[in-house]
Amino acid sequence: MRAFIALLLLSLLPDAALAACRQALALGLDVSGSVDSREYRLQLDGLATALESPRVAARLLELPDAPVALAIYEWSGPDFQSLILPWTEITTAATLAQITALLRNHPRSAAPPTTALGTAMLTGYALLEQRPDCWIRTLDISGDGEANTGPRPQTVPDPPAGVTVNALVIGVYGAEIGDLRQAEIKQLRAYFESNVIRGDGAFTESALGFDAYAEAMERKLLRELKSMLLGQLAPKP
């Protein structure tokens with residue numbers, strides 16, 4: 001019913017509105033030295049699992065005439081910002097399946113051990129500048145540690161107008177460390193909330209280790225991929 005109402009409203013919009021995408025979502029994945037080979041696969045496979053979950057897939061495919069555009073990149077040091085998926089509009093289940101297959105088969109490249117979180121934010125900004133046609137623009141940064149090289153997040157300028165920056169914070173301690181695991185992720189989440197997230201409605205989600213990454217990413221995507229409200233169905237003047 002919700003999709004039917006949205007499609008009915010879209011039919012009343014001018015052709016220029018129909019030509020736009022409803023949301024541009026750039027996903028930045030941390031592949032710095034703190035992420036080992038097992039965690040790397042858990043992150044990429046976890047993103048694929050989250051994208052193809054029934055509830056997330058339903059929101060991605062809800063309005064094929066005003067699709068979500070997705071871009072995915074990896075980041076570590078200031079000179080390592082690698083695009084996995086260029087801007088791709090998700091208009092069909094087949095397109096979504098191609099994206100998840102790409103993620104599951106993507107090999108790891110050698111990356112510096114450092115964590116250039118500020119550079120990762122600037123990379124996401126640049127990607128979103130390529131999609132001014134999208135009604136909503138969201139940068140989604142995953143990370144398991146604080147910046148230790150490059151521009152610090154707190155010195156990075158605010159994003160382009162209308163862009164929201166969210167974060168998925170990943171705890172790195174094992175379950176055997178007990179309460180330290182919760183304390184570590186609480187501290188890291190506070191760091192991201194103070195220095196990284198920006199814009200209206202910005203938020204952080206957390207995963208207690210890479211084993212919990214898929215579930216955390218699904219929760220975050222469901223918050224980011226909001227169904228279009230009446231006021232969001234047309235581009236802002």
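The expected span of a helix is taken as 1.5 Å times one less than its number of residues. In this predicted model, helix H5 (93-105) has 13 residues and reaches 18 Å from its first C-alpha to its last, close to the 18 Å expected at 1.5 Å a residue. Helix H8 (213-224) has 12 residues, and its end-to-end C-alpha distance of 16 Å is likewise close to the 16 Å expected.

**Overall organisation**

The chain comprises eight helices and six strands. Read from the N terminus, these elements follow the order α-α-β-α-α-β-β-α-α-β-β-α-β-α. Of the 237 residues, 52% count as buried. The chain exposes about 10,700 Å², of which carbon and sulfur atoms supply 57%.

In soluble globular proteins, nonpolar side chains tend to be buried together. The largest nonpolar core here holds 34 residues, and the members that touch the most other members are Leu47, Leu51, Leu70, Ile72 and Leu103. At least two residues of this core come from each of strand E1 (23-30), helix H3 (37-52), helix H4 (54-60), strand E2 (68-75), strand E3 (81-90), H5, strand E5 (163-170) and H8. H3 provides the largest share, with six residues.

Leucine 70 illustrates the packing. Apart from neighbours within four places in sequence, leucine 70 is in contact with Leu25, Leu27, Leu51, Leu85, Pro86, Trp87, Thr88, Ile90 and Ile99. A second, separate core has 29 residues, including Tyr125, Cys134, Val165 and Ile197.

An α-helix has 3.6 residues a turn, so residues three or four places apart point the same way. In H5, the buried residues are Thr95, Leu96, Ile99, Thr100 and Leu103. Seen down the helix axis, these buried residues of H5 fall within an arc of 135°, so they line one face of the helix. On the other side of H5, Ala93, Gln98 and Asn105 are exposed. The cover over the buried residues of H5 includes H3, H4, E2 and E3.

The buried residues of H8 are Tyr213, Ala216, Met217, Lys220, Leu221, Leu222 and Glu224. They pack against E1, H3, H4, E4, E5 and strand E6 (204-207).

**The disulfide**

A search of the whole structure finds one disulfide. It is formed by cysteine 21 and cysteine 134, whose sulfur atoms are 1.7 Å apart. With 125° about the S-S bond, the link is right-handed. The pair joins distant parts of the chain, 113 residues apart: cysteine 21 lies in the loop between helix H2 (15-18) and E1, and cysteine 134 in the loop between helix H6 (117-129) and strand E4 (136-143).

Why do both cysteines count as buried? The cut-off for burial is under 20% relative accessible area. Cysteine 21 has 0% relative accessibility and so counts as buried, and cysteine 134, with a relative accessible area of 6%, is therefore buried as well.

**Two further residues**

Arginine 137 is placed in strand E4. Its 11% relative accessibility is under 20%, so arginine 137 counts as buried. The C-alpha atoms of arginine 137 and alanine 24 are separated by 4.7 Å, although the two residues are 113 residues apart along the chain. Not counting residues up to four places away in sequence, arginine 137 touches Ala24, Leu128, Glu129, Arg131, Pro132, Pro160, Ala161, Gly162, Val163 and Thr164.

Leucine 122 is placed in helix H6. At 37% relative accessibility, leucine 122 counts as partly exposed. Leucine 122 and valine 156 are 34 residues apart in sequence, with their C-alpha atoms 7.5 Å apart in space. With residues up to four places away in sequence left out, leucine 122 touches Pro151, Val156 and Pro157.

The relative accessibilities discussed above are collected here.

| Residue | Relative accessibility | Class |
|---|---|---|
| Cysteine 21 | 0% | buried |
| Cysteine 134 | 6% | buried |
| Arginine 137 | 11% | buried |
| Leucine 122 | 37% | partly exposed |

Key. Residues are numbered from 1 along each chain as its sequence is written. This is a predicted model: local features need pLDDT of at least 70, side-chain atom pairs count only at pLDDT 80 or more; totals for chains, interfaces and linings use all residues. Side-chain values use heavy atoms; hydrogens and water are left out. A nonpolar core is a set of buried Ala, Val, Leu, Ile, Met, Phe, Trp, Tyr and Cys residues joined through side-chain atoms within 4.5 Å. Buried means under 20% relative accessible area, exposed over 50%, partly exposed in between (1.4 Å probe, protein chains only). Helices (H or I, at least four residues) and strands (E, at least two) are DSSP runs, numbered from the N terminus. Contact means heavy atoms within 4.5 Å. Accessible areas come from the Shrake-Rupley method with a 1.4 Å probe; for residues, only the protein chains shown count as cover. A disulfide is a pair of cysteine sulfur atoms within 2.5 Å. The arc is that of the directions from the helix axis to the C-beta atoms.
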